[in-house]
Amino acid sequence: MFDKNNKLRHSVSLAAMLALSGLSAAAWADAYEDAAKKWIGSEFKPSTLTPEQQLEELKWFIKASEPFRGMSIKVVSETIATHEYESKTLAKAFTEITGIKLTHDLLQEGDVVEKLQTQMQSDKNIYDGWVNDSDLIGTHFRYGKTESITDLMANEGKAYTSPTLDIKDFIGISFTTAPDGKIYQLPDQQFANLYWFRADWFERADLKAKFKEKFGYELGVPVNWSAYEDIAKFFSEDIKEIDGKRVYGHMDYGKKDPSLGWRFTDAWFSMAGAGDKGIPNGLPVDEWGIRVEDCHPVGSSVTRGGDTNGPAAVYATTKYVDWLKKYAPPEAAGMTFSESGPVPSQGNIAQQIFWYTAFTADMTKPGLPVMNADGTPKWRMAPSPKGPYWEEGMKLGYQDAGSWTFLKSTPEKQKLAAWLYAQFVTSKTVSLKKTIVGLTPIRESDINSQAMTDLAPKLGGLVEFYRSPARVQWTPTGTNVPDYPRLAQLWWSHIAEAASGEKTPQQALDGLAKDQDAILTRLERSKAQATCAPKMNPERDAQYWLDQPGAPKPKLANEKPKGETVSYAELLKSWEAARK
């Protein structure tokens with residue numbers, strides 16, 4: 001504990017500084033309060049708090065930061081708009097309001113994970129606080145290297161935990177809670193993987209008539225994958241051109257690149273119906289196809305009770321490959337995630353089944369072909385359609401939750417100062433403005449604010465989705481995955497073999513399942529994980545597991561039931577009714 005000695009040293013050094021500067025302690029306190037008032041007036045609006053409530057919240061930060069004043073700390077996150085706002089604006093505000101010198105670095109996601117791994121393995125401090133995906137929750141609670149935020153708030157961080165933090169207001173807190181019931185990460189930003197479509201085209205009477213004549217049902221938001229496939233075929237092969245421009249019914253990416261792994265680990269299998277029922281993740285088999293028993297991973301191959309290479313996963317992979325080749329622009333197969341992201345905004349894509357709401361800000365820029373002159377979008381977002389293996393009670397898509405994480409190897413004083421910053425950038429004083437800037441909401445109070453109601457018409461369904469009861473079916477990777485960094489690396493190379501045609505989807509997934517099992521086996525033998533380590537099932541005939549209830553599910557006789565759609569207006573009405 002740093003408490004008494006460090007506080008004494010700090011008070012001596014602070015007294016010396018004040019003496020040299022000729023300023024009294026009261027004058028310094030006034031300077032920090034003046035800074036808080038300046039930021040409230042110029043930047044931290046709108047907020048769900050009144051300016052007076054904001055000032056009271058910031059006064060707590062001013063007081064709590066006294067033992068750390070003059071310190072320099074470093075934190076890191078991946079590079080997205082929300083974190084850019086934190087790095088450029090909120091870090092400066094925090095320094096001026098608290099006197100703690102804060103550097104907020106931005107790195108690519110892979111680099112953040114690599115450095116995090118390095119600190120976990122070496123116990124040498126690199127950063128004092130980390131924003132990393134809650135997908136690592138299974139890693140964090142098993143290795144014993146990560147600070148439990150629940151314990152931090154109850155013990156050494158109790159005096160430095162804001163009374164207005166309001167944990168229950170965080171919509172993603174279940175994602176960062178481990179099987180032991182403790183919170184290991186604090187959500188900082190969230191975005192979902194949804195269905196995106198050109199609402200203006202879907203409402204055209206001529207297109208609606210042609211679609212119904214060919215397929216026998218209404219052109220609308222697809223409820224199932226059969227309808228998505230019909231709509232993709234319709235725009236790519238039957239319509240082909242709109243307003244003189246070549247159009248496509250689907251968009252995706254297929255280049256052999258680490259981002260191809262996210263394309264699948266971000267819940268693609270569960271959208272098809274692989275895995276078991278359960279929110280936030282399927283149990284005992286999750287969307288990665290990993291089976292757990294009493295929190296211990298026991299295998300991912302069907303022969304061990306897993307579902308990574310089961311019929312539903314093979315179906316999901318087959319559809320990914322087929323749709324990419326048949327209905328997406330030819331160049332899509334050679335694109336990465338970041339290269340493919342802006343393509344729908346160019347105005348020639350009718351729909352995209354796998355679209356991240358983090359693109360909302362870029363998709364709503366004035367002057368884009370997908371924007372109206374009045375600032376409203378020509379497109380909308382909606383819940384993802386379900387594959388034929390999907391059952392009620394399963395997750396339906398992925399939600400990224402970048403979350404504050406603290407390692408036990410970080411010196412306590414630096415960790416607590418970084419904890420103050422984590423609370424500051426998620427506080428109610430700043431969170432609504434941060435939500436409006438990055439469109440990655442974390443608080444229920446912000447989502448339900450008048451400011452978001454006013455913005456809703458310009459955000460294409462983002463606000464409606466986050467206010468809807470459907471939201472809980474979109475969740476990150478769960479606690480079944482015992483070492484996210486190691487296992488995630490396997491996906492992109494195996495999926496690339498299917499995308500290129502080098503292997504069939506079944507062959508590619510057989511290889512992925514085998515390699516996942518190999519890593520799980522090594523983790524079991526190494527005894528490196530402090531709790532809930534893998535305990536591998538022996539292999540047995542696949543049919544044994546296919547005959548058991550739940551996942552892995554046997555192959556369906558008909559994987560393409562009749563297409564089903566719903567009008568967007570009816571969808572919004574059903575959400576509104578469910579909220580009452």
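This is a predicted model: local features need pLDDT of at least 70, side-chain atom pairs count only at pLDDT 80 or more; totals for chains, interfaces and linings use all residues.
How much area do domain 1 and domain 2 bury between them, and what share of it lies on carbon and sulfur atoms?

The protein is divided into domain 1, residues 27-190 + 401-467, and domain 2, residues 193-395 + 479-563. Taken over C-alpha atoms, the centres of the two domains are separated by 31 Å. Domain 1 brings 26 residues to the contact, and domain 2 brings 30 residues.

To the opening question, then: the two domains bury about 2300 Å² between them, and 61% of this area is on carbon and sulfur atoms. On the side of domain 1, the residues that lose the most area to domain 2 are Arg142, Tyr143 and Gly460; together they account for 31% of what that side buries.

What of the polar terms? Between domain 1 and domain 2 the count of salt bridges is 0. The rule for polar contacts, by comparison, finds 9 residue pairs across this interface, both residues of each pair being at pLDDT 80 or more. As for secondary structure, helix 5 (109-122), helix 6 (137-143) and helix 20 (462-467) each supply at least two residues of the side of domain 1 that touches domain 2. The largest share of that side comes from helix 6, with 6 residues.

I now move to the interior. As a general matter, nonpolar side chains in soluble globular proteins tend to be buried together. In this model, the largest nonpolar core has 115 residues, and Trp225, Phe235, Trp268, Phe269 and Tyr320 have the most contacts inside it. Helix 13, residues 311-327, provides the largest share of this core, namely 10 residues. Both domain 1 and domain 2 contribute at least three residues each to the core.

Consider phenylalanine 235 in particular. Beyond its neighbours within four places in sequence, its contacts include Trp201, Phe202, Leu219, Ile242, Tyr248 and Ala350. There is also a second, separate core of 47 residues, with Ala35, Ala36, Ala64 and Tyr421 among them.

Finally, methionine 271, which lies in helix 12, residues 268-272. Is this residue buried or exposed? Methionine 271 counts as buried, because its relative accessibility is 0%. Methionine 271 and lysine 395 are 124 residues apart in sequence, yet their C-alpha atoms are 7.4 Å apart in space.

Note on methods
Residues are numbered from 1 along each chain as its sequence is written. Side-chain values use heavy atoms; hydrogens and water are left out. A nonpolar core is a set of buried Ala, Val, Leu, Ile, Met, Phe, Trp, Tyr and Cys residues joined through side-chain atoms within 4.5 Å. Buried means under 20% relative accessible area, exposed over 50%, partly exposed in between (1.4 Å probe, protein chains only). Helices (H or I, at least four residues) and strands (E, at least two) are DSSP runs, numbered from the N terminus. Domain bounds come from an automatic or database domain assignment. Contact means heavy atoms within 4.5 Å. Buried area is the accessible area (1.4 Å probe) that two parts lose on being put together, summed over both. A salt bridge is a side-chain nitrogen of Lys or Arg within 4 Å of a carboxyl oxygen of Asp or Glu. A polar contact is a pair of N or O atoms within 3.5 Å; within protein, one must be able to donate a hydrogen and the other to accept it, and residues adjacent in sequence count only if both atoms are side-chain atoms.
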